[in-house]
Amino acid sequence: MPPVTEARLIEAETTRQGCLSKMAIVPGEQGEPVRYTLRAGEQRLDLNARLGEPLRLTWTGAIACTHCGRATKKSFAQGHCYPCFKKLAQCDTCIMKPETCHFFAGTCREPEWGERHCFQPHVVYLANSSSLKVGITRGTQVPTRWLDQGAIQALPVLQVDTRQQSGFVEMLFKEEVADRTNWRAMLKGEIEPLDLCAERDRLLARLEGGLANLHERFGAEAIQVLEASPMAFDYPVLEFPRKIVSHNFDKNPVVAGTLLGLKGQYLILDSGVINLRKFTGYEVAVA
Ligand SMILES: [Zn+2]
C-alpha cells in the first residue's frame, strides 16, 4: 500500500477552499524538478502530483487582505486592501525602487519594519528567466526569488549591506542588462542556457568605475563580490504552451483544465496560463 502523505490526506477531502497565497516552491532533490505546493487558506495541494490531471480553481468572489484579513473588493499590490496598501512600508514605491529609500529623511512608513527588512544584507544576482536579467533580493529569499520568477539559472554576484545599496548597484547593472522577465518567453520554455559566470565577469569589468564610486560612498566592506557557483533549476512541465492565453479570475471566476506544467508563479493548463501571485488573497475552491 502506498504511504499516506499529506497530499493524499488532502486529496481525500471533497471541498478545499481558502484564500490563495503564492505557491510554495522548493528546489528538487538531486536533479529532480522543483516542487510546487498550492496554498489556499489552510489547504495544501502537491501540484507536481497533479500534473497531467484536471484541476479546477473557482473564485468565490471574495478577496481577503493578506495583511489584516479584512474583506476588500479589489486587491492592491498583490493581495492588500486599500488602507494597508497606503499604510504599509512593504507596499511603498521604494520597495520596487530601493534606490529611492527615504528612511533617512525620517519618512519611512514603518521605520521598525524598515530596520528589520531593508537594513539587512541583500544580494544582487544575475538570472536567466527569459534572457539575462539582474535582480536584487534579501539574502534570506534565495533561492525562492529565482523560483518565483521561473529562472532556469541564477548566480549571486554581490552582497550589499542594505536594500538601498542593492538598488544603487542594480541601477548600475541596468545600464547593461534588463531587470524584467519577458513572462511570455519564460512560459514558452525556449530559453537558451547562459554562461552566467562569464556574464558576471564581463559586467563587473564593464561597471568597474561605477562600482568604485559606490565603494567610495558606502565603504569597501558594504559592497562585496561573492564567490558563488551558478545554480540551475528544472521545472515540472509536461508541455509548454505554443500560444499564451491568460486566465483572469476577475473576468472568469472558473479556471479549469488539465495541468500541463508549473513555472514561476504560473500554472500552465491546457486551457491557458494563470499567474497565481497576481491573485493572492482571492478565495478559491480547489477541485
Ligand atoms: Zn489590509
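Residues are numbered from 1 along each chain as its sequence is written. Because the model is predicted, local features need pLDDT of at least 70 and side-chain atom pairs count only at pLDDT 80 or more, while totals for chains, interfaces and linings use all residues.

**Exercise 1. Locate the cis peptide bond that ends at Pro143, and say which loop holds Pro143.**

Step 1. Most residues other than glycine have a negative phi, and most peptide bonds are trans.
Step 2. The bond from Val142 to Pro143 is cis, with omega near 0°.
Step 3. Pro143 sits in the loop between strand E7 (132-138) and helix H5 (144-149). Helices (H or I, at least four residues) and strands (E, at least two) are DSSP runs, numbered from the N terminus.

**Exercise 2. Give the phi of Ala77 and of Gln78, and decide whether each is buried, partly exposed or exposed.**

Step 1. Ala77, not a glycine, has a positive phi of about 45°. Gln78, also a residue other than glycine, has phi near 55°.
Step 2. Ala77 lies in the loop between strand E5 (54-63) and helix H2 (82-87), and Gln78 is in the loop between E5 and H2.
Step 3. A residue is buried if 20 or more other C-beta atoms lie within 10 Å of its own, exposed if 12 or fewer, and partly exposed in between, with C-beta atoms placed from the backbone.
Step 4. Ala77 has 18 C-beta neighbours inside 10 Å, so Ala77 is partly exposed. Gln78 has 16, so Gln78 is partly exposed.

**Exercise 3. Sort residues of helix H8 (residues 196-206) into buried and exposed, and find what the buried ones pack against.**

Step 1. Leu196, Glu199, Arg200 and Leu203 are buried.
Step 2. These buried residues of H8 line one face of the helix, because they fall within an arc of 100° seen down the axis; the arc is that of the directions from the helix axis to the C-beta atoms.
Step 3. An α-helix has 3.6 residues a turn, so residues three or four places apart point the same way.
Step 4. On the face turned away from the buried side are the exposed residues Ala198, Asp201, Arg202 and Ala205.
Step 5. The buried residues of H8 pack against strand E6 (122-128), E7, strand E8 (153-160) and helix H6 (163-173), where contact means C-beta atoms, placed from the backbone, within 7 Å.

**Exercise 4. State the strand order of the six-stranded open sheet, and name the edge strands.**

Step 1. The order is E1-E14-E5-E11-E12-E13, with antiparallel pairing; two strands pair if DSSP finds at least two bridges between them.
Step 2. Strand E1 (16-19) and strand E13 (272-275) are at the edges, because each has a single partner strand.
Step 3. E5 and strand E14 (residues 282-286) pair in the antiparallel sense over four bridges. Trp59 has Val284 in E14 as its bridge partner.

Terms used
Two residues are in contact if their C-beta atoms, placed from the backbone, lie within 7 Å.
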